[in-house]
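Start with the sequence and structure below.

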Amino acid sequence: MDTWTADIWNDNEDECKKTLNGPGNWEKVPLFDNKIALGSFVRFKGMIQDMLNPEYYSSSFKIINSENEELISRKAKYHGSTKNIQPGEEVIFGDTLMERQIIACIPIPGLNEWAKDISNTDQNVEAQLEDNMNKRIRLDPACQNYSKEIFIFVYPEDIDTDELKVNQIVEVVGFLDRRTVQEDDGNLQEQSSIVKETYCIHAVQLKLLKSIISDNEEMNNSIWNEASNIHAELKLVLTQALLGDSLVADYLLFYLISTSYNRQHNLVPGKFSLNIRGIPENIGKNYTKHLYSLISYLVVKSEYLPIQIHTLNNMDMIPRKCYTSNRLLNGFLQLSDRTHLVLDETDLQPGNLDQKGMLNFEALKNIISNQQMKYDFTYYGMDYETQIPVLTLSIGKSILPFDVDIVLKPDPSCSNIEETMNSVHDYLKSQLHLLDKLRKYIAIISTFPFTYDESILKVIENDYVEMRKSDPKNVSGDDLHRFMMISRLIALSSGKNEFNIEIWESGKSLEKQRNLRNK
């Protein structure tokens with residue numbers, strides 16, 4: 001495969017496909033970097049940031065040498081231009097036009113260092129947080145001095161383009177090329193653009209990735225069978241990270257594993273936005289960064305956003321359309337599914353939001369409440385569905401909406417924040433096999449099928465009726481949804497895929513403890 005070219009693939013397509021799809025061969029294709037020669041066969045993994053208009057190309061061309069009248073016929077598929085034309089040679093394009101779709105991809109936003117093919121187990125956690133923030137900022141249009149985007153040319157006869165959507169994670173293999181494109185220069189007052197050259201890949205095959213962690217049935221079954229033990233280990237880690245508060249650890253665990261399912265219009269079952277409040281003011285800023293560092297060490301993708309007036313007023317959070325370059329410009333909140341977003345309100349000071357700040361604030365509220373975000377197309381807004389679990393850390397009750405809130409009650413024995421959090425990381429680094437299980441558990445446990453028996457649904461209905469009778473003003477359909485969601489997460493987190501009375505009672509008990517805590 002190292003010697004493959006577009007011409008070799010065109011002339012031997014069936015044989016090349018058979019080789020590529022052989023056991024382990026896909027992973028042997030070298031990952032793209034800018035040191036690889038143009039025309040090489042490469043692999044690239046990224047997020048679809050924009051889908052451009054399709055373009056047409058001649059399916060074939062001929063090269064005629066005017067000196068000896070030699071004629072060479074070539075297929076144009078997987079080529080961006082006719083390169084290496086010598087003096088005295090003339091190119092004649094065929095009459096048959098074919099179509100190819102163009103998608104703009106960027107490195108996966110929020111992808112944590114451990115989830116990349118780089119070993120960083122000895123990296124300082126705070127340095128990792130800073131490194132991740134710097135890398136992410138460079139993708140924001142306001143700060144983007146250079147682009148890491150890659151254009152993928154997708155050929156409909158090879159790949160079903162109807163399945164492709166903005167914000168999906170894809171992995172492609174194909175032939176590396178360069179393309180000149182127009183790019184917005186970031187000036188919002190004057191619609192202007194610059195011309196630049198960027199890399200592109202002519203894709204021969206493409207995979208939609210639902211999970212970044214490579215998984216298989218055997219691994220999934222192993223995690224499921226050990227779920228109860230892994231759950232206990234994860235709760236122990238989270239309890240220590242939450243300064244000895246085991247009740248908040250339960251809810252943080254639910255947040256980490258939650259995922260929406262059976263989405264219908266504005267109803268998003270499984271959505272679990274959490275507000276942990278009551279964080280002591282004297283430890284707020286340092287503690288929240290430590291806690292986020294731990295979360296980023298456990299989940300595949302995450303982002304940390306301090307909620308401050310300055311941040312809301314100045315950050316480009318919402319993707320916007322530039323009509324000069326005919327491109328969708330990236331915003332901080334353009335994230336792929338199951339990117340855990342952590343919002344830190346502990347350093348929020350009074351101030352006024354300008355128009356941009358209000359739009360950013362509304363975008364955050366819309367993601368939390370409806371798992372939707374309105375992209376800015378200048379003359380109108382267009383709603384895009386999201387699946388971004390949101391955790392808000394605050395001193396008082398969050399200024400943003402939430403599904404569940406709980407007050408943190410630190411154990412007095414955990415007063416040394418640095419020592420407590422460092423001990424958690426040291427434990428995980430000394431238990432790499434366990435750490436691997438925790439990460440896989442968080443990534444997949446809530447994706448297992450779950451069923452509700454008719455008999456338990458009747459019990460739930462009767463319980464809900466009694467709740468309404470005893471407290472009609474404070475019990476609503478939202479409470480029923482929350483009880484069922486928490487009970488479902490209790491079951492799945494322990495490796496059970498059926499709802500029963502014991503699980504339902506556990507969910508009610510947990511909610512009762514939370515409500516008493518919050519009074």
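**Cavities and a pocket**

The second largest cavity lies between domain 2 (217–445) and domain 3 (449–518), because both give residues to its lining. The model is a predicted one. A search of the whole structure finds 2 cavities of 30 Å³ or more.

**Second largest cavity**

- The volume of the second largest cavity is about 30 Å³.
- Its lining is formed by S258, T259, Y261, G270, M485, R488 and L489.
- Sorted by class, that lining has 3 nonpolar, 3 polar and 1 charged residues.

**Largest cavity**

- The largest cavity holds about 100 Å³ of space.
- It has 13 lining residues, and K271, F272, Q371, I388 and P389 lie nearest its centre.
- Its lining has 8 polar residues, 4 nonpolar and 1 charged.

**Second largest pocket**

- The second largest pocket contains about 1,100 Å³ of space.
- Its lining counts 34 residues; L209, K210, D337, R338 and Q387 lie nearest the centre.
- Two or more lining residues come from each of β15 (381–385) and α12 (432–444).
- α12 gives the largest share, 4 residues.

How values were computed
Residues are numbered from 1 along each chain as its sequence is written. This is a predicted model: local features need pLDDT of at least 70, side-chain atom pairs count only at pLDDT 80 or more; totals for chains, interfaces and linings use all residues. Side-chain values use heavy atoms; hydrogens and water are left out. On a 1 Å grid over the protein atoms alone, a cavity is a set of points where a 1.4 Å probe fits but cannot get out, and a pocket is an open set with protein on both sides within 12 Å along at least five of seven lines; lining residues have an atom within 4 Å of a point. Grid points are joined across faces, edges and corners, and a volume is the space filled by probe spheres set on the points. Ala, Val, Leu, Ile, Met, Phe, Trp, Tyr, Cys and Pro count as nonpolar, Asp, Glu, Lys and Arg as charged, and the others, Gly among them, as polar. Domain bounds come from an automatic or database domain assignment.
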